[in-house]
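Look at the structure below and follow the chain through its fold.

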Amino acid sequence: TIRYVERPGKGDPIVLLHGFDGDKDNWVRIAPYFAARDHRLIIPDLPGWGESTRLPDLNYAPSRQIDRLEAFFTAIGLSRFHLAGHSMGGCIAGLYAAKYPARVQTLTFYDNACVRAEQPSERDAMEAQGQNVLLVHTPADFDRLIDWVAAKKPFIPPPVKAVLAQRAMAQAAGNEVIFRSLSESRAALEPLLPTLKMPVAIVWGDRDRLLHVSTANVMARAMPQAKLHILQGCGHSPPLEIPEEAARPMLDLMDGR
């Protein structure tokens with residue numbers, strides 16, 4: 001079962017894919033800027049995340065999500081759309097666009113995974129010491145995670161934060177398995193970048209502690225047609241931190257600017 005949010009609209013469809021340990025709600029702050037132009041929005045919980053089914057014997061590595069998404073898009077009647085993904089979702093979006101390019105009108109990356117950076121990130125240094133800042137075992141871990149993923153932290157009401165922390169704690173063991181598959185896919189998207197010929201926007205926060213901003217330079221060199229946007233004072237999560245600024249590159253790309 002795949003759960004998703006849909007906003008009907010007369011404009012071209014837009015699909016938004018969330019990142020690791022995220023869900024469709026990660027896009028609620030940026031979605032109104034697309035809805036204002038009357039675009040149809042499709043925002044799924046990726047298979048294995050949020051309210052979508054997670055089965056213990058399935059592999060949820062980015063490369064395994066591509067055909068599941070294709071079946072989902074076919075089932076809901078999507079033929080061609082604008083696609084964006086954040087972090088792990090950006091990796092999945094790129095892999096999907098490489099396999100099904102006829103489906104993708106434009107492609108927007110937000111601080112995406114699966115491309116090697118020119119410089120190591122702070123998270124890389126922690127991982128080298130055996131610490132994974134993305135896994136949540138205690139409420140304190142959740143607070144620490146928010147510090148890692150956002151330089152400009154959005155307000156989360158304490159009762160909501162408590163629920164999110166409990167959910168992350170309950171999924172920690174499964175998330176660790178998925179994270180290992182993501183680590184094995186660390187450069188999976190990189191060799192495919194030159195094959196992406198559709199209009200592309202690369203959007204990155206200059207204070208990203210998880211995936212170093214130098215990754216954006218690697219991507220821009222591989223895709224000469226891409227529009228590069230470095231957002232000042234922003235961390236790993238532009239759609240949550242500065243949604244209006246984060247929406248603008250994608251809207252401009254869709255407008256042919």
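In this predicted model, local features need pLDDT of at least 70 and side-chain atom pairs count only at pLDDT 80 or more, while totals for chains, interfaces and linings use all residues. Residues are numbered from 1 along each chain as its sequence is written, and side-chain values use heavy atoms, with hydrogens and water left out.

An open sheet is formed by 7 strands in the order E1-E3-E2-E4-E5-E6-E7, with mixed pairing. Strands here are DSSP runs of E with at least two residues, helices are runs of H or I with at least four, and both are numbered from the N terminus. Two strands pair if DSSP finds at least two bridges between them. Strand E1 (4-7) and strand E7 (227-231) are at the edges with a single partner strand each, so one side of each has no neighbour in the sheet. On average, neighbouring strands of this sheet are turned by 15° against each other, direction ignored. E1 pairs with strand E3 (residues 39-44) in the antiparallel sense over 4 bridges, and Tyr4 stands opposite Pro44 in E3.

Helix H3 (residues 88-99) packs on the sheet and touches strand E2 (11-17), strand E4 (81-86) and strand E5 (104-110); contact means heavy atoms within 4.5 Å. The direction of H3 makes about 145° with that of E4. Axes are lines fitted to C-alpha atoms, for helices over the stretch in contact, and angles run from 0 to 180 degrees between N-to-C directions.

The protein has 10 helices and 7 strands. Its radius of gyration, taken over C-alpha atoms, is 17 Å, close to the 18 Å that the globule rule gives for 257 residues, so the protein is as compact as a globular protein of that length. That rule is 2.2 Å times the number of residues to the power 0.38.

The largest pocket holds about 1,100 Å³ of space. A pocket is an open set of points on a 1 Å grid over the protein atoms alone, where a 1.4 Å probe fits, with protein on both sides within 12 Å along at least five of seven lines; lining residues have an atom within 4 Å of a point. Volume is the space filled by probe spheres set on the points, which are joined across faces, edges and corners. Of the 47 residues lining the largest pocket, Phe20, Asn26, His86, Val149 and Ser237 are the closest to its centre. Among the helices that each supply at least two residues of this lining are H5 (139-149) and H6 (158-170).
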